[in-house]
Amino acid sequence: MSYFGVGDLAVSLISRRSNGNLKGELLKVNQELSSGRVADVSSATGGNLTPLASIERALSLAEGYTQATSLARTKLSHQETALNVLQTAIEQSGPDLLVAVNTGAPALEAALSKVSGNFETVVSALSTEVGGTYVFSGNSTTVAPLSSAADILQTLSGVVDGATTATDYIQRIENWFSDPGGFQSSSYQGGEASPSGVPIGPKSQITVSTTASDPEIVETLKDLATLALASRYEFSGSAEELISIVRITAESTLNTASDLINVSARVGAAQERIEQVTSQNSASIFSLQESRNKILEVDPFRSATRLEALTYQLESLYLVTSKTAQLKLTEYLR
Amino acid sequence: MSLTSALSAANSGLSAAARSAELISTNVANALTEGYGRREIRLAAATVGGGGGVQVLGVDRVVDQVAIGQRRFADAALGQAQQFSSFYQTMEVAIGTPDNPSSLTGRIAQLETSLVSAMASPESDSQLRTAVNSAVELAQALNFASTSVQNARLEADQRIGAEISVLNSSLSAIAEMNDQIGSLSVSGSDVSGLMDQRQKMIDQISQLVPIRELPREYGRVALITTNGTILVDNHAASFNFSATPTIVPEMTVESGGLSGLSLSNAESSAGSAMDAISGGTIFANFVVRDSLSTEVQDQLDGLAQELIERTSQAAVDPTLGGGPGLFTDDNAGFDLANKVGVASRVTVNSRLDEGQGGEAWRLRDGIGATISGPSGNIEIISSILGSLGSESPSFGQNFALAAANFVSEIGVSRNQHNLAEAFASTQVSTFREAEGRYGVDTDQEMQKLLVVEQSYAANAKIIQAIDEMMQSLLRI
């Protein structure tokens with residue numbers, strides 16, 4: 001007998017498979033719609049995860065750069081403030097003294113006592129710290145760059161003891177400041193500037209290279225220390241020699257002041273670079289996030305549309321299944 | 001004489017109708033049974049004794065043997081694709097996708113970022129400690145990935161063991177059933193039920209090994225693999241395999257650490273046992289255990305090697321004194337002879353890791369340093385960062401990119417095998433539906449039953465009529 005039928009099992013298998021497929025896709029679309037993200041990153045990108053990895057790495061590093069730039073910015077701004085103090089002090093110390101030198105002893109004494117405190121002010125400014133690190137100490141950031149102003153003056157007092165001429169006096173002080181065994185070893189406690197820069201961007205670095213042992217700063221210290229010593233009136237030479245000391249030093253401060261501007265300029269240039277790099281970093285963070293979203297995020301409109309289509313399909317399948325279930329001969333033979 | 005033969009013909013009609021009804025009811029009862037072959041009655045006019053009537057020649061078991069054969073091959077292909085797909089899925093989860101910060105690539109990015117932060121505040125002990133911890137987490141990620149690979153191998157090995165024993169017992173059961181069917185059908189009994197069972201058993205092993213069923217006489221079958229090895233004919237062959245309780249990266253079949261497969265008692269075999277089982281889940285598990293996972297392990301070991309070598313370069317840290325740097329092979333330097341499994345042994349240098357009694361300030365001052373140095377020193381941290389990012393002649397691209405490419409390879413393989421699995425799955429469904437078309441259709445059976453009812457009634461009526469005729473004879 002020839003058989004024209006289609007097995008029951010086959011019919012139910014077909015509808016079960018369709019149902020299973022639709023439900024599986026429904027689940028996935030649901031998840032994507034509610035989370036806004038692709039459910040399976042690997043299959044969404046076809047397995048090519050290298051671009052995503054590069055983007056994530058760049059974003060992570062960008063966080064680090066942001067922190068580094070903000071720390072560098074703080075450090076440089078403290079340096080700028082301190083250098084302003086030095087600039088003011090050194091500029092103040094010259095002109096009045098040069099006038100007072102020609103006027104007479106009482107005027108000189110008054111002018112000297114006014115500038116005598118400048119050395120201490122400058123030493124204290126150079127010892128600025130922020131968050132436990134000293135900004136002028138090079139790579140020994142936890143150590144103050146200079147010994148106290150009083151100690152330095154005490155040492156210098158010993159150095160000039162016995163000098164009777166202005167040239168000798170000034171020479172001794174200069175020797176002490178330039179001698180590696182003098183200022184460098186006994187007063188400057190900081191380290192060297194770091195040769196390497198701190199990374200602040202993917203291809204940018206910054207070195208905060210100004211320390212308290214920079215020549216222009218040492219010059220400033222030398223001039224102001226000399227004036228502070230002179231104001232103590234411990235000089236064993238004549239009064240004319242003393243006036244000479246003050247005049248020569250006051251003239252020197254004019255050169256020192258203009259040299260010091262170079263240091264401020266260097267700091268200013270570094271600050272400008274930081275701002276430049278900061279805005280570059282922000283721009284690149286934004287575009288990296290855009291790229292990442294393109295890979296990971298799912299368009300909610302597309303998901304919602306797909307959800308509608310699937311729901312409709314599933315409902316049609318249910319309708320067909322129930323209709324075919326009723327079309328059984330057995331029903332009619334009851 | 002003709003009346004009695006008419007009676008016997010009508011009787012035969014009744015019994016044929018009864019037998020038909022029996023088969024119809026069996027069919028309807030088994031309408032939802034998978035692997036059931038629809039029963040059809042074979043009738044012929046009776047020739048014995050010169051009289052008329054109908055005889056039941058036998059019961060046919062109707063199946064679409066071609067569709068079944070195709071479906072079995074598709075089952076094997078699906079099983080294989082599933083094993084590969086699930087292996088790469090496991091690997092992808094263990095290694096992690098880049099959007100996840102605790103993935104392998106995420107840990108590398110974290111290490112580099114914490115080194116940047118450490119350069120920004122090198123005097124901060126907590127920042128240095130954070131950087132060392134990031135390195136520890138990276139080493140742990142590599143360890144974990146390596147462990148996952150070996151676990152996958154172990155599971156594959158155990159699955160092989162289980163599947164081989166199922167295969168062996170099924171083969172001997174099929175051979176037994178073969179004999180039973182053969183002897184029963186010679187004596188003319190209905191062997192359809194036993195054939196259903198045998199088909200089920202063969203379906204069971206078709207996923208494990210792709211198998212071809214060849215008909216032999218008297219309803220017996222022979223089972224042959226794709227390369228012509230006979231597994232069942234007059235008797236069953238059996239496979240030999242022993243599972244290994246724990247597996248480490250150095251174990252391979254060649255080294256004798258892992259068991260291979262051998263075949264015994266086959267009536268004819270071509271090639272090795274592995275050639276015989278090629279294409280099913282057992283074969284797939286062997287491939288996973290012996291080649292896919294060793295490949296992944298080798299790539300992981302390559303990454304660990306690169307990590308150790310990059311950070312142990314003499315130029316990175318002048319205090320190294322020839323020893324290993326930030327990353328080590330269990331606190332020794334990298335040795336090519338010990339490359340296999342280094343990913344499971346890579347650790348952060350014990351002189352840095354506080355968990356191993358080290359000090360985090362050595363990240364800044366050098367691994368060999370005995371006392372801490374200037375707190376703002378960023379030279380060594382800078383060269384460690386540089387060693388990871390550098391595109392040097394000996395290392396090619398930067399380390400993060402090497403890792404990302406590795407992750408991508410896993411992702412691509414996984415997607416490929418997912419596609420193969422989806423394709424094989426559709427094939428299986430299609431063949432199963434084709435096979436099912438020959439199955440029981442209750443509507444058809446109901447129609448047949450209507451006809452059988454009529455036939456029974458007609459034959460009964462004839463007997464009634466003959467009875468009346470005889471009665472009238474006897475009343476004479």
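Me: How much area is buried between chain A and chain B?
Reply: About 4,500 Å² is buried between chain A and chain B, and carbon and sulfur atoms give 57% of that area. Buried area here is the accessible area (1.4 Å probe) that two parts lose on being put together, summed over both. Before we go on, this is a predicted model: local features need pLDDT of at least 70 and side-chain atom pairs count only at pLDDT 80 or more, while totals for chains, interfaces and linings use all residues. Residues are numbered from 1 along each chain as its sequence is written, chains are lettered from A and ligands numbered from 1 in the order in which they are written, and side-chain values use heavy atoms, with hydrogens and water left out.

Me: Thanks. And how many residues are in contact across the two chains?
Reply: On the chain A side there are 51 residues in contact with 58 residues of chain B. Contact means heavy atoms within 4.5 Å.

Me: How many salt bridges cross that interface?
Reply: The rule finds four salt bridges between chain A and chain B. The rule asks for a side-chain nitrogen of Lys or Arg within 4 Å of a carboxyl oxygen of Asp or Glu. A:D40 and B:R414 also form a salt bridge, at 2.6 Å from N to O.

Me: And how many over all chains?
Reply: Searching the whole structure gives 38 salt bridges over all chains. One of them joins the side chains of B:E40 and B:K448, at 3.3 Å from N to O. B:E40 sits in strand β1 (residues 38–45) of chain B and B:K448 in helix α12 of chain B, so this pair ties together parts 408 residues apart in sequence. For the labels, helices (H or I, at least four residues) and strands (E, at least two) are DSSP runs, numbered from the N terminus.

Me: Are B:E40 and B:K448 buried or exposed?
Reply: Both B:E40 and B:K448 are buried. The cut-offs are under 20% relative accessible area for buried, over 50% for exposed, and partly exposed in between (1.4 Å probe, protein chains only).

Me: What does B:R61 pair with?
Reply: The side chain of B:R61 meets that of B:D196 in a salt bridge, 2.7 Å from N to O. B:R61 is in strand β2 (residues 54–62) of chain B and B:D196 in helix α5 (residues 192–206) of chain B, so the pair links parts that are 135 residues apart in sequence. Both B:R61 and B:D196 are buried.

Me: And B:R289, what is its partner?
Reply: B:R289 forms a salt bridge with B:D290, and their closest N and O atoms are 2.8 Å apart. B:R289 is buried, with a relative accessible area of 0%, whereas B:D290 counts as partly exposed at 25%. Elsewhere, salt bridges that share partners join B:R71, B:R72, B:D75, B:D203, B:E213, B:R432 and B:E435 into one network.

Me: New topic: where does B:V407 lie?
Reply: B:V407 is in helix α11 (residues 399–437) of chain B, and it is buried, with a relative accessible area of 3%.

Me: Which residues is B:V407 in contact with?
Reply: Leaving aside neighbours within four places in sequence, B:V407 is in contact with A:L49, B:I95, B:G96, B:P98 and B:T105.

Me: Over to chain A. How do strands β3 and β4 of chain A pair?
Reply: Strand β3 (residues 198–201) and strand β4 (residues 204–206) of chain A pair in the antiparallel sense over three bridges. Two strands pair if DSSP finds at least two bridges between them. A hairpin joins β3(A) to β4(A) through two residues, and A:V198 stands opposite A:I206 in β4(A).

Me: Which non-glycine residue has a phi near 55°?
Reply: That is B:D330, where phi has a positive value. B:D330 is in the loop between β8 (327–329) and α8 (342–345) of chain B, and it is exposed, with a relative accessible area of 53%. B:Y218 has a positive phi too, of about 60°, and is not a glycine either; B:Y218 lies in the loop between β3 (211–215) and β4 (221–225) of chain B.
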